[in-house]
Amino acid sequence: MANEPSPATPGSLSPGNSHAMTMLDKYRINWRLTAALMAVSVLGLFTLPPLMVFALIEVMIFALFASALNLWLSYAGILSFGHAVYFGLGAYGVAITIERFGWPMPLGILAGPVVSALFALVFGFLCVQLTTIYMAMLTLACAEVTYAVAFQWFDFTGGDSGISGHVPAMLGLSPSWYGVVVLVVVTLSILALWRIVHSPLGLTIRAVGQNTIRAGAMGHGRKKVQLISFVIMGFMSGIAGTLFGVFHGNVFPDYMGVGYTIDGLVMVLLGGLHSFGAGIYGAIVYKTLDNLVSHFFLYWQLVIGVILLAVVLFSPSGIAGIVERIKERMRGGSDV
Amino acid sequence: MPETPAAPPGETVLTVSGLRKSFGRFMALSGVDLKVRAGEVRAIIGPNGAGKTTLINVLGGQLAGDAGRVVFAGKNLMNKYPHQVSAMGVGRTFQISSTFRRMTVYENMLSAHNAASGRWFSLSTALLRKMHGAVMEDLESIHLAELAGRVVDDISHGDRKRLEFGMVLASRPRLLLLDEPTAGMGLQERHDLIDLMLREIRERKITLLFVEHDIDIVFRAADYITVMANGKVFAEGLPGEISDNQEVQEIYLGVK
């Protein structure tokens, strides 16, 4: 899933491997890297102490949430202050369909991401009528309204005490095995995001995100394309939220609150804008610090703040930029 | 080369009548009347503030006109969205070249083909691979194949102008609107670019409407010249007629 396939050794590209075909090579899925990351994760799930297994599961769930957000920030040109609502709605979708509508549990779990996508369709339709910072403010407004409803409509949403007990936490599995479920779902989802970004649709989304005027003159209607981005992002965040709600066996209004919205933004910025890996890198660093440093050091957010400051000042392209530079150095700068 | 043959030369394809556009109290276009024939290379010249760029922007759908009519190939072109204008076979470039700066040269051209394919919503990567041949061919024809892997932010101003032009051609337009195609380039570079553009345009029988400040370029390229002043068409004629016109010389060429 990295940006480049790894050529065997620098300079070993055979002449037959035409310069031109390498242009689209970077659109391929890097199966070797995918398999390696999965293997490391499985190893971690079954060998680490329980506390760190929980942290690892959170890292995976937030890697998906931040990757979905990254579709907006890095590719679709959508700035948002209200994306956590789609994360939270995933968890609420599960809880409400099961607890209030009496749906069977498997069906309720599948409903989570669909509920998020439907809300993204409705809110997206409103938001794409505006652009830039005005659109961002409207995403915040949509999220705040939904949060307020979740917080106050006690009979339906459980209010501030949320809903719990509708599913057994971690589906009754051991943390390690629930981690495997999360790993599989997250991996498939991120691979799907990769495919979308590198498909004709993804190219369209990137075109509109980078230069609305040029894209318009080429025939792309901005509103339609950004609305599609809303639904994809909503659905993917909904998957993450569903996994998170089932992980804890509960749901609270905070799952769609400003706190998670900011967490997502920090992860993507930390990971590095305009890079596919931003969400993954960001989630690993942010959630690791959140879960581990907070046990030793009360002011762990101070650590995050200092790191974010350092990234913004010294590597605006984030962790992805640092990784890219290391790769280039290892390759001896032989490739483009 | 184009799938739809251009209208026979001499037939009017673009008619603008009584076109008005104001910004607050400033009237940028105060009733423009213009007829352009199929296959023609038409230059629009005029002093700063004459309304040339505004005209292009209203035709391209980037700005909405206040009043008037625009008809292209028998269809209404007035106050359409840019993507609708594009769908009608009208392509354009901008005064400051407009490309995807964080994509590679290759991806820019790929985007243009993707947009023109009509299957921009597809999830099939195979579709992109099928475009590869045509993308490289188009990059060759604008001499950018060597730079295919470079990020557009890192290439020169002139290369970006050429890329933008090539991307517009990829959508196989019947009418092309170019706003100062050679602005900000060196002398030799200008001539090379305009020659390249003319070659491609004539080969594909595209009708061209272009705004240009460089008089050299205008007389080198144009079949017919429209002079604008104060938001109106001031004079029209063959290059020879325009260069001999006393009034045009006074308002524009600065000859007393």
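Two strands count as paired if DSSP finds at least two bridges between them. With that in hand, chain B has an open sheet of four strands in the order β2-β1-β4-β5, with antiparallel pairing. Please keep in mind that this is a predicted model, so each chain's confidence is given at the end.

**The four-stranded sheet of chain B**

- At the edges of this sheet lie β2 and β5 (75-76) of chain B, each of which pairs on one side only.
- Helix α1(B) packs on the sheet and touches β1, β2 and β4 of chain B, its direction making about 115° with that of β1(B).
- Strand β1 (residues 12-23) of chain B pairs with strand β2 (residues 26-37) of chain B in the antiparallel sense, over nine bridges.
- Two of the residue pairs to look for are Arg20(B) with its bridge partner Ser30(B) in β2(B), and Phe23(B) with its bridge partner Phe26(B) in β2(B).
- β1(B) and β2(B) make a hairpin with two residues between them, and Gly24(B) in the turn has a positive phi of about 60°.
- β1(B) also pairs with strand β4 (residues 67-72) of chain B, in the antiparallel sense and over five bridges.
- In that pairing, Thr15(B) stands opposite Val71(B) in β4(B).

**The six-stranded sheet of chain B**

- Another open sheet of chain B has six strands in the order β6-β7-β8-β3-β9-β10, and its pairing is mixed.
- Its edge strands are β6 (90-93) and β10 (232-237) of chain B, each pairing on one side only.
- From one strand to the next, the twist averages 20°.
- At one end of the order, β6(B) pairs with strand β7 (residues 175-179) of chain B in the parallel sense over four bridges.
- Here Gly91(B) stands opposite Leu176(B) in β7(B).
- At the other end, β9(B) and β10(B) run antiparallel and are joined by five bridges.
- Thr226(B) has Glu236(B) as its bridge partner in β10(B).
- β9(B) and β10(B) form a hairpin with two residues between them, where Asn230(B) in the turn has a positive phi of about 50°.

**Helices of chain B**

- Helix α1 (residues 52-60) of chain B lies across β3 (41-45), β6, β7, β8 (207-211) and β9 (224-229) of chain B, and runs at about 145° to β7(B).
- Two packed helices are described by the angle between their axes and the distance between the axes.
- For helix α5 (residues 157-170) and helix α6 (residues 187-203) of chain B, the axes come within 11 Å and cross at roughly 10°.
- Angles under 35 degrees count as roughly parallel, which makes α5(B) roughly parallel to α6(B).
- On the α5(B) side, Gly158(B), Lys161(B), Arg162(B), Phe165(B) and Leu169(B) take part in the contact.
- They meet Glu189(B), Leu193(B), Leu196(B), Met197(B), Glu200(B) and Ile201(B) in α6(B).
- By class, this contact of α5(B) with α6(B) has six nonpolar, one polar and four charged residues.

**Where the two chains meet**

- The contact between the chains takes 39 residues from chain B and 35 residues from chain A.
- Chain B and chain A bury about 3,200 Å² between them, with 64% of it on carbon and sulfur atoms.
- Phe100(B), Arg102(B) and Trp120(B) supply 21% of the area that chain B buries against chain A, more than any other three residues.

- Chain A averages a pLDDT of 91, and 92% of the residues score at least 70.
- Residues 1-17 of chain A have a pLDDT below 50, and this stretch has 33 contacts in the model beyond near neighbours in sequence.
- Chain B has a mean pLDDT of 91, and 95% of its residues reach 70 or more.
- Within chain B, confidence is lowest in helix α9 (residues 246-253), at a mean of 78, and highest in helix α3 (residues 105-116), at 97.
- Over residues 1-8 of chain B the pLDDT is below 50, and this stretch has ten contacts in the model beyond near neighbours in sequence.

Key
Residues numbered from 1 in each chain as written. Chains lettered and ligands numbered in written order. Predicted model: local features only at pLDDT ≥ 70, side-chain atom pairs only at ≥ 80, totals over all residues. Heavy atoms only, no water. Axes fitted to C-alpha atoms, helices over the stretch in contact; angles between N-to-C directions. Contact = heavy atoms within 4.5 Å. Parallel < 35°, antiparallel > 145°, perpendicular 65-115°, else oblique. Nonpolar A, V, L, I, M, F, W, Y, C, P; charged D, E, K, R; others polar. pLDDT = per-residue confidence, 0-100. Buried area = accessible area lost by both parts, 1.4 Å probe.
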